[in-house]
Amino acid sequence: MSATLEDILNSHRTRRPFVMGVLNVTPDSFSDGGEFFDPAAAVAQARKMVHEGAEVLDVGAESTRPASSRIGAAEQIDRLREVLPAATDLPAIVSIDTTRAEVAAFALDAGAEIINDVSAGRDDEEMFSLAASRGAAMVLMHMLGEPKSMQDNPRYDDVVAQVRSFLAERVSAAAAAGVPGDRCIVDPGIGFGKLLEHNLALLGGVGELLSLGRPVLIGPSRKRFIGELTGEPVPARRLGGTIAACLAALRAGATIFRVHDVGALVSALKVARAIEGS
Ligand code: HH2
């Protein structure tokens with residue numbers, strides 16, 4: 001039986017992990033830009049990820065890689081027009097990766113249930129009211145600055161404490177705008193205005209984020225910090241590092257894993273959980 005949105009929103013209590021497959025309908029994403037820009041290729045990839053065990057599909061039409069430029073809502077919607085209805089027909093929960101309320105509204109109309117907003121409601125003041133009126137769940141992510149400049153010398157005194165207090169403030173802001181806390185998922189934003197040491201501290205520090213009482217989502221997939229540790233310059237070859245990062249975060253209490261390589265992580269999680277449960 002497929003998972004429900006409530007199962008995902010309760011996962012910090014049940015500790016059941018969920019794999020969220022990344023579907024970038026973009027020409028310029030950092031690891032798979034252009035691969036799934038064609039709608040038919042995107043739909044085939046969505047099917048493949050669900051077949052491999054993704055219970056959530058995170059569909060996005062705008063890259064947020066470091067130094068990327070923003071694109072408008074109309075262009076995002078054009079990119080998503082054919083893909084979203086096919087994705088929402090699959091036995092998975094669909095999440096829309098956007099910071100624009102107009103794009104999120106289009107996706108919710110097509111059957112998406114989660115808004116993955118990497119700006120945590122700061123980019124578009126309509127986002128929280130949209131989520132509130134539609135009863136959508138939201139991923140609230142930490143980012144220092146904006147994609148254009150976020151990797152320009154990010155500094156923290158205590159990265160885990162600062163990210164935790166940012167996320168606490170965004171959960172409160174969402175609640176004040178009508179999105180109940182129990183519809184929110186929090187994410188420390190691996191790679192979004194963070195150096196290697198910050199990413200490592202956050203992956204190990206998931207337990208402190210869990211004290212917010214919300215499920216923690218982690219998105220380390222193929223990111224630069226893995227290349228820094230392993231010397232692997234090609235993002236698509238960073239699978240081993242991605243799995244290690246996810247398993248470390250699982251141990252610390254993360255339950256939602258946003259990855260490009262679904263099948264490999266599903267297997268790794270099965271083995272890790274079997275060992276934990278033995
Ligand atoms: N990372 C990316 C995009 N969206 N959303 C959440 N909640 N957490 C993340 O860590 C996260 C995210 C960046 O990865 P990707 O989608 O592969 O690249 P791009 O932004 O270049 O499309």
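I started with A67, which touches P147 and K148 when residues up to four places away in sequence are not counted; contact means heavy atoms within 4.5 Å. The model is predicted, so I kept in mind that local features need pLDDT of at least 70, that side-chain atom pairs count only at pLDDT 80 or more, and that totals for chains, interfaces and linings use all residues. Residues are numbered from 1 along each chain as its sequence is written, and side-chain values use heavy atoms, with hydrogens and water left out.

I then placed A67 in the loop between β2 (56-60) and α4 (73-80). Helices (H or I, at least four residues) and strands (E, at least two) are DSSP runs, numbered from the N terminus. I also looked up A67 against I243: they are 176 residues apart along the chain, and their C-alpha atoms are separated by 26 Å.

**Ligand**

Which residues come nearest to the ligand? I found S29, S63, T64, D187 and H260, out of 18 residues around the ligand; a residue counts as near if one of its heavy atoms lies within 4 Å. Next I looked up polar contacts, which are pairs of N or O atoms within 3.5 Å. S63 has a polar side-chain atom 2.7 Å from a ligand oxygen atom. For R258, a polar side-chain atom lies 2.8 Å from an oxygen atom of the ligand. R65 uses a backbone N or O atom, 3.4 Å from an oxygen atom of the ligand.

**Helix pairs**

Two packed helices are described by the angle between their axes and the distance between the axes. Axes are lines fitted to C-alpha atoms, for helices over the stretch in contact, and angles run from 0 to 180 degrees between N-to-C directions.

I took α6 (residues 101-109) and α7 (residues 127-134): their axes are 9 Å apart, at an angle of about 20 degrees. The two are therefore roughly parallel, a word used for angles under 35 degrees. α6 passes α7 in a right-handed crossing, meaning the near helix is turned clockwise from the far one by less than a right angle. In α6 I listed A101, A104, A105, L108 and D109, which meet M127, L130 and R134 in α7. By class, I noted 6 nonpolar, no polar and 2 charged residues in this contact; Ala, Val, Leu, Ile, Met, Phe, Trp, Tyr, Cys and Pro count as nonpolar, Asp, Glu, Lys and Arg as charged, and the others, Gly among them, as polar.

How do α8 and α9 cross, and at roughly what angle? The axes of α8 (residues 159-176) and α9 (residues 196-204) come within 9 Å and cross at roughly 65 degrees. They are therefore roughly perpendicular, the word for 65 to 115 degrees. V159, V160 and V163 of α8 make the contact with H198, A201 and L202 of α9.

Last, I looked up α12 (residues 239-252) and α13 (residues 262-276), whose axes come within 10 Å and cross at roughly 35 degrees. Their contact has 10 nonpolar, no polar and 1 charged residues.

Conventions
Angles under 35 degrees count as roughly parallel, over 145 as roughly antiparallel, 65 to 115 as roughly perpendicular and the rest as oblique. A polar contact is a pair of N or O atoms within 3.5 Å; within protein, one must be able to donate a hydrogen and the other to accept it, and residues adjacent in sequence count only if both atoms are side-chain atoms.
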